[in-house]
Amino acid sequence: MFYPTLKVVSSNCNLRCVYCYYKGIHRKKPIRMNDITLKSIIQKLLALSGEEKEVHFYWHGGEPLLAGIDFYQKIILLENELNVYGKKICNHIQTNATLLTDNWVDFLVGNDFNVGISLDGPKEIQDVNRPTISGGGSFDSVMKGLKLFQEREKFPSIISVVTNESLGNANKIFDFFVENKIKRFLPKDCCERDETGKFLPFSTTPDEYVDFLIELFECWMSKNDPTIEIRNLYQIIRGVVGGKTTLCEYSGRCHLFLTIEYDGTIGGCDSFPVKNYPMGNINDSAVSSIFGSHGYKSFLRDMESTRLDCHHCEWFGNVCGGGCLGHSYSEQNSAWGKNIFCTPKKRLFEYIKRRVSEIQNN
């Protein structure tokens, strides 16, 4: 089984986040996945599921709510119609939450969607890097949407991008999330560089990001609340105590996290900086043919070649998995190389392993 991001409106979005990898390529005309492509995706992913008891659909953008509530009503109808296999269907959607209304939330809750919301932190952090098209802040609209879920006793997971504005504010961001009943979140890296290789003003360096995670880890441990989960740190803990990591970043399975565009075009992970691995179109062929395509084989070969040295590392098996492949490619040099997080993440793994041991022994 693989886990495709389904880009129902391509890069269309009602925000203009400064760190977005779609910045400058937002489509000027509204666009959304047509019925033929939508049906093909649902039908073929269900057929591919084999012995799996569950089938997961990850609806993304841009901003996926721009597709309209009727689009998602159609999804539910097609899933019910095409699920002749008796599978449990799990729908996931990642939204910036600014378009949420009572009708939207009632629909998403009523149809058991797993909802993720993008929120970087308090207003003064969120609004700096996540403005609207007109340049205004998005914080108030996001919080309004979040509260609509919480009023219904639903608590979406949060993706929080760690930028230069976040540095030194780990405690502030952690407290903000907890005070607002956000107990499951993922602090995501933002280490973007210009054509010369210099980190952009809103970015952090890999070491700064790891320092932030260490600060956040200590906030989490001090709180001593088992209902709080910082997803990537939890995965590291799970790995260092001998468990298996499942988060894509640490799974070592980048080749299974693909993207299906609004027109059915299939490619690598959407956050991956290189787009020259064409793998076909969901409308033209069986999904299984993706894995025999020239683009997929090339992607797999390049992924494996960049991780050859990783197999000798103590962290590779249970914890790291080689890390996010996007950080092993230099856009400045158009070349593969050592993952820029390799050394900083080792420092993070060592720190967490030591702290977990100390906590277990106390």
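Me: How many salt bridges does the structure hold?
Reply: There are 18 salt bridges (a side-chain nitrogen of Lys or Arg within 4 Å of a carboxyl oxygen of Asp or Glu). This is a predicted model, with pLDDT of at least 70 needed for local features and 80 or more for side-chain atom pairs, while totals for chains, interfaces and linings use all residues. Residues are numbered from 1 along each chain as its sequence is written, and side-chain values use heavy atoms, leaving out hydrogens and water.

Me: Which residue forms a salt bridge with Asp-140?
Reply: Lys-123 does, with 3.4 Å between the closest N and O atoms.

Me: And what does that pair tie together?
Reply: Asp-140 is in helix H5 (residues 139–150) and Lys-123 is in helix H4 (residues 123–129), so the pair ties together parts 17 residues apart in sequence. Helices (H or I, at least four residues) and strands (E, at least two) are DSSP runs numbered from the N terminus.

Me: Switching to the sheet, what is the strand order?
Reply: The sheet is open, has nine strands and runs E7-E6-E5-E4-E3-E2-E1-E8-E9, with mixed pairing. Two strands pair if DSSP finds at least two bridges between them.

Me: Which ones are the edge strands?
Reply: E7 (229–230) and E9 (266–267), each of which pairs on one side only.

Me: Are E1 and E2 parallel or antiparallel?
Reply: Parallel: E1 (residues 5–7) and E2 (residues 54–60) pair over three bridges. Within this pair, Leu-6 stands opposite Trp-59 in E2.

Me: Where is the cis peptide bond?
Reply: From Gly-61 to Gly-62, with omega near 15 degrees. Gly-62 is in the loop between E2 and helix H2 (69–82).

Me: What about phi at Asp-112?
Reply: Asp-112 is not a glycine, yet its phi is positive, about 60 degrees. Asp-112 belongs to the loop between helix H3 (102–110) and strand E4 (114–118). Most residues other than glycine have a negative phi, and most peptide bonds are trans.

Me: Last topic: how much space lies in the second largest pocket?
Reply: About 360 Å³, counted as the space filled by probe spheres set on grid points joined across faces, edges and corners. A pocket here is an open set of points on a 1 Å grid over the protein atoms alone where a 1.4 Å probe fits, with protein on both sides within 12 Å along at least five of seven lines.

Me: Which residues are closest to its centre?
Reply: Cys-310, Gly-322, Lys-338, Asn-339 and Cys-342, out of 24 lining residues (an atom within 4 Å of a point). Helix H12 gives the most to the lining, four residues.
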